[in-house]
Every structure is written in C-alpha cells, then in structure tokens.
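Hi,

Here is the structure I promised to pass on. Have a look at it first, and then read on for what turned up in it.

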Amino acid sequence: MAQRTLLAVHAHPDDETITMGGTLARYSAAGVRVIVVTCTTGDLGDVRDASLLADAAGVGGLRQRELEAAAQRLGVSRVVQLGYADSGMAGWPNNRAPGAFFGADLGEAASRLVEVIQAERPQVLVAADETGGYGHPDHVKSHQVAVAAYGASGAARSSKFYFVRFPLPWSREFVRSLRAVGIDAPGSAPCGADAGPEVTEIGVPDSYVTAQIDVTDYVASKCAALACHRSQMPPDSFLMRIPPELAARLWSTEFYSREAGPDGATPGERETDLFAGLANS
C-alpha cells in the first residue's frame, strides 16, 4: 500500500479544527499524509479584534494565515484553498453574491476538488455531513461538492468515504457540561458560531455513527490549533474558555459515518480506525 493519505474537505478556515482536529493530529502523528481542502476564504467572518487585521490582506487573508498556523499545529501536510468567497449565514444576500461558494456551479466546484483528489490519491476522504452540522449554506455546499467529487474522481476515488457526525447524546452532554461550569454555551454548540434562533441544537441520531476515533492524546494539539483561529475564537469565546480537564473529556472522541468502502469494524461495533479494512492498513 502506498503512503496512507487522508483528505478532509471543509467550508471555512477553523472548520477543520473544530470538527476533526484531533483526528487530523492523530493520523499525522502516525505518518499519514494529511490534506485539508478549504472551500472558502472565510472573508465574512466577524473579527472583533481589529488589531489582528493590521498586517493582513483583509479578513480572508487573516483567516488563511490562521488556517496555516492551525494546520502546522495539527501536522497537516498540505492545505489547499479552493478560493471561493464566504456565503454568509442562511438567507444573507451574500449567498448569491458573485464568487460566493453557495451559488457556485456544483460541477465546476467539484472539478476543482477532483484535481486535488487525483493529485493526492487519498485512501480516505472525509467531508461534512448532509446537515452541514447546523445548516450553514457553505457547510452544506461543501458536503455536496465532496459527494460530487467522490463520484467523479474515477481511478483516483478514495477507498473509503466518511462524513463528520455530531451524535446528539454527545452534543447535548457537551452543552450541559459547559453550562455546569458556568460557560454560557449556545444551544447550537459545539459549533463555534451562532447558528441562529431557529437552531436549538446540532447533531444526528446516535445510530448514524459508524466510527469513533480516540483522540485523547491529541486534545492538546486540537486546543492549540483552535487558539490559532483567534479572529473567530478570541480568548473570551466559549470554546476557548473550556477548562483543560473538561476539554480532555469532551474532545477525546471524534465521530464519523462510513458512507462508502469496507467495514473495518467487528460486527456490531463501531470502527476505531478510518483506514480499517484496507490492505496493509
């Protein structure tokens, strides 16, 4: 088997760390080539600390720099930026602005990702699920683009394809645990953004999850990478206020559903390795 390669597709800078930072760090430490594809520049992100923009090329440039710093913390081998503009939250006029990701032609966007897949030949492809976590237009579009690219990548198609999942029991425990220590976690946690009044919580039924990855040894790397995204997660944000001992418990496992490829689990159990079932994995 050629060098193991994992390719993760996400919408904005910081999504890679929030959703699967521990997984990226774990596989990188194990010698896997880890590729992160970010679909948008995140240029509509709210930057409360204007001093961060002093020597940056706008919000998008700042967030690209933060992404690169976080990727270094996680051991990511390569970061690829597809270059679309941030579309903003659902219903914003920016959803259909020229160059915005949400309004981009699906085939054209998928072709950009196919080029990366063909160059990298990952055995494992990971993307957001069909909910986009909490319905963010760019998250949903990144899911659609990844699915389309998986189908169009021909001989370079990955052996296994996973969606990131937030099981509801875990998501609810996350919010309860933060509130128990006085952190006013929004109902949409563990997402780092306000999902809007119509979203009271995020997550999917526990039965959707087919893989759970133990990242206990990489929680510190994930937290350090989160801190790199300072424009979106300043020190007073709820994710950055989680006490280390609580973070160690809440972030110790990351969850996925296997959508294609061999089942590497013991019957009746969840996979514990995204490469399980592959030759010489």
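Let's start with a pair of helices: α3 passes α5 in a right-handed crossing. Before going further, please keep in mind that this is a predicted model.

The two helices in question are α3, residues 106-120, and α5, residues 137-152; they pack at an angle of about 60°, and their axes are 8 Å apart. That angle makes α3 oblique to α5. If you want to find the contact on your screen, look on the α3 side for Leu 106, Ala 109, Ala 110, Leu 113, Val 114 and Ile 117.

Helix α2 (residues 58-74) packs with helix α7 (residues 219-228) at an angle of about 170°, and here the axes are 8 Å apart. The two are therefore roughly antiparallel to each other. From α2 come Glu 66, Ala 69, Ala 70, Arg 73 and Leu 74, and they meet Ser 221, Lys 222, Ala 224, Ala 225 and Cys 228 of α7.

Now the sheet. It is open and has 7 strands, which run in the order β3-β2-β1-β4-β5-β7-β6 with mixed pairing. At the edges you'll find β3 (78-84) and β6 (211-214), each of which pairs on one side only. On average, neighbouring strands are turned by 25° against each other, ignoring direction. Helix α1 (residues 15-29) packs on this sheet and touches β1 (5-10), β2 (33-40), β4, β5, β6 and β7 (253-260). The direction of α1 makes about 175° with that of β1.

β1 has 6 of its 6 residues buried, so the rest of the structure largely encloses it. Thr 5, Leu 7 and Val 9 point one way from β1, while Leu 6, Ala 8 and His 10 point the other way. β1 runs parallel to β2, and 6 bridges join them.

Val 124 stands opposite Lys 160, and Val 126 stands opposite Tyr 162. With β7, β5 runs antiparallel, joined by 5 bridges; Arg 165 stands opposite Phe 255 there.

Thr 40 is found in strand β2. Is Thr 40 buried or exposed? With a relative accessibility of 0%, Thr 40 counts as buried. A polar atom of the Thr 40 side chain lies 3.2 Å from the backbone nitrogen of Gly 42. Leaving aside residues up to four places away in sequence, Thr 40 touches Ala 11, His 12, Pro 13, Gln 81, Tyr 84, Ala 85, Asp 86, Phe 101 and Asp 138.

Asp 129 sits in the loop between β4 (124-127) and α4 (132-135). Asp 129 counts as buried because its relative accessibility is 4%. Its side chain has a polar atom 3.5 Å from the backbone nitrogen of Gly 133. Again not counting residues up to four places away in sequence, Asp 129 touches His 143, Phe 163, Val 164, Arg 165 and Val 204.

Glu 269 lies in the segment after β7. Glu 269 is exposed, since its relative accessible area is 54%. Along the sequence, Glu 269 and Ala 211 are 58 residues apart, yet in space their C-alpha atoms are 8.7 Å apart.

Happy browsing!

Conventions. Residues numbered from 1 in each chain as written. Predicted model: local features only at pLDDT ≥ 70, side-chain atom pairs only at ≥ 80, totals over all residues. Heavy atoms only, no water. Helix = DSSP H or I, 4+ residues; strand = E, 2+ residues; numbered from the N terminus. Buried < 20%, exposed > 50% of the residue type's maximum accessible area, 1.4 Å probe, protein only. Polar contact = N/O pair within 3.5 Å; in protein donor to acceptor, adjacent residues only side chain to side chain. Contact = heavy atoms within 4.5 Å. Pairing = 2+ DSSP bridges. Axes fitted to C-alpha atoms, helices over the stretch in contact; angles between N-to-C directions. Parallel < 35°, antiparallel > 145°, perpendicular 65-115°, else oblique. Left-handed = near helix turned anticlockwise from the far one by under 90°.
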